[in-house]
Amino acid sequence: MPRSESGPRERRCGYLQCQKVLVYSGFGRPKEFCAPDDTRWQPGNRTCKEMAAADRAAELATGLDTPLTAWRATVADLTPALTALAARLEPVLPAVRDVETGALARIAEAETAMTAAVQRAQAAETERDQALNAAHTAERDRAQAHTDRHAAVARAARDVADARQAQGRAEAEAEARAATAARETERRRALEERHEDQRGQLRDARVEIKTLTGELRAGEKALRAETTRAERAEATAAENARRDLDAERATLAEVRRQAEQLHTERRAAEQAAQDARADAIRHENTAAAATNRAQTAEARADRLQTQLDQARPEGGKR
């Protein structure tokens with residue numbers, strides 16, 4: 001069985017223009033509107049409950065209660081979907097940010113390691129160049145020794161012993177220089193092997209950077225997909241709400257047009273009734289005048305008949 005919630009719960013004020021959060025402690029019937037002492041609306045110093053009742057009466061009077069009920073039902077159906085989508089995006093965005101932060105940190109570490117490897121490689125190349133310079137110097141010295149030996153041979157006619165000693169010294173120096181060159185060559189080979197090892201480390205660092213970049217791009221792609229779905233859902237909800245609002249506006253315009261037409265027809269009927277009453281009064285006045293004239297004519301005829309009867313002689317009576 002689901003656990004009963006403990007502690008206060010929140011709901012919104014029932015008046016749409018207010019929507020303040022009402023805290024429900026969980027005991028008794030929850031409040032629908034703000035307390036009278038909390039919120040008042042001007043003009044009229046009315047409470048949220050009174051304002052909601054006035055809106056309801058206006059909806060009933062204009063015939064908008066049915067479309068508004070349908071619109072509220074549609075909004076109530078969309079609200080859970082939008083809330084669920086927002087709840088799904090909340091854990092995704094921090095994860096994407098964590099992946100991005102970790103990837104950037106690993107990239108920074110790889111770049112630092114790569115920089116150090118490059119610096120070591122450059123140092124090795126510098127040492128190799130120095131060794132090559134020393135070898136070249138040794139070669140030049142050896143060539144110079146051979147030159148000196150040939151000169152000594154040319155002067156050997158005068159001092160063979162000294163020339164041989166000089167030649168021996170020159171050959172010994174040449175051999176020493178050759179040994180030095182051999183050691184420098186071996187050192188160069190070791191440096192080249194070390195440089196090759198550093199190049200391998202650099203390749204590994206580049207592969208790791210490429211992997212981290214792929215992970216970062218995948219995270220960005222997932223984020224863009226979630227953002228696109230959210231934007232599409234929001235656009236669909238907005239389009240539906242706009243259509244419902246347009247339908248409500250059209251219905252309200254039709255109701256207003258019918259009300260204006262009824263008002264015009266009522267005014268026309270009232271004007272026709274006024275005209276009919278005026279015509280009736282005129283006809284009544286005309287009839288009264290005709291009746292008066294008829295009564296006057298009858299009275300005059302009666303007087304003339306009386307006078308005529310009185311004027312006739314007695315024998316003339318029939």
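View 1. The model shown is predicted. Of its 318 residues, 16% count as buried.

**View 2. The helices and strands of the protein chain.** The chain holds two strands and three helices. Read from the N terminus, their order is β-β-α-α-α. For contacts between residues at least 6 apart in sequence, 52% link residues at least 24 apart.

**View 3. Thr47 in the loop between strand 2 and helix 1.** Strand 2 covers residues 21-24 and helix 1 covers 48-62, with Thr47 in the loop between them. Thr47 counts as buried because its relative accessibility is 9%, which is under the 20% limit. Apart from neighbours within four places in sequence, Thr47 contacts Pro36, Thr39, Arg40 and Trp41.

**View 4. Cys18 and Cys34.** A disulfide is a covalent bond between the sulfur atoms of two cysteines. The whole structure has zero disulfides. Cys18 takes part in none, and the nearest cysteine sulfur, in Cys34, lies 3.6 Å away.

**View 5. Burial of the two cysteines, Cys18 and Cys34.** Cys18 has a relative accessible area of 15% and is therefore buried. Cys34, at 9% relative accessibility, also counts as buried. The cut-off for buried is under 20%.

Notes: Residues numbered from 1 in each chain as written. Predicted model: local features only at pLDDT ≥ 70, side-chain atom pairs only at ≥ 80, totals over all residues. Heavy atoms only, no water. Helix = DSSP H or I, 4+ residues; strand = E, 2+ residues; numbered from the N terminus. Buried < 20%, exposed > 50% of the residue type's maximum accessible area, 1.4 Å probe, protein only. Contact = heavy atoms within 4.5 Å. Disulfide = S-S within 2.5 Å.
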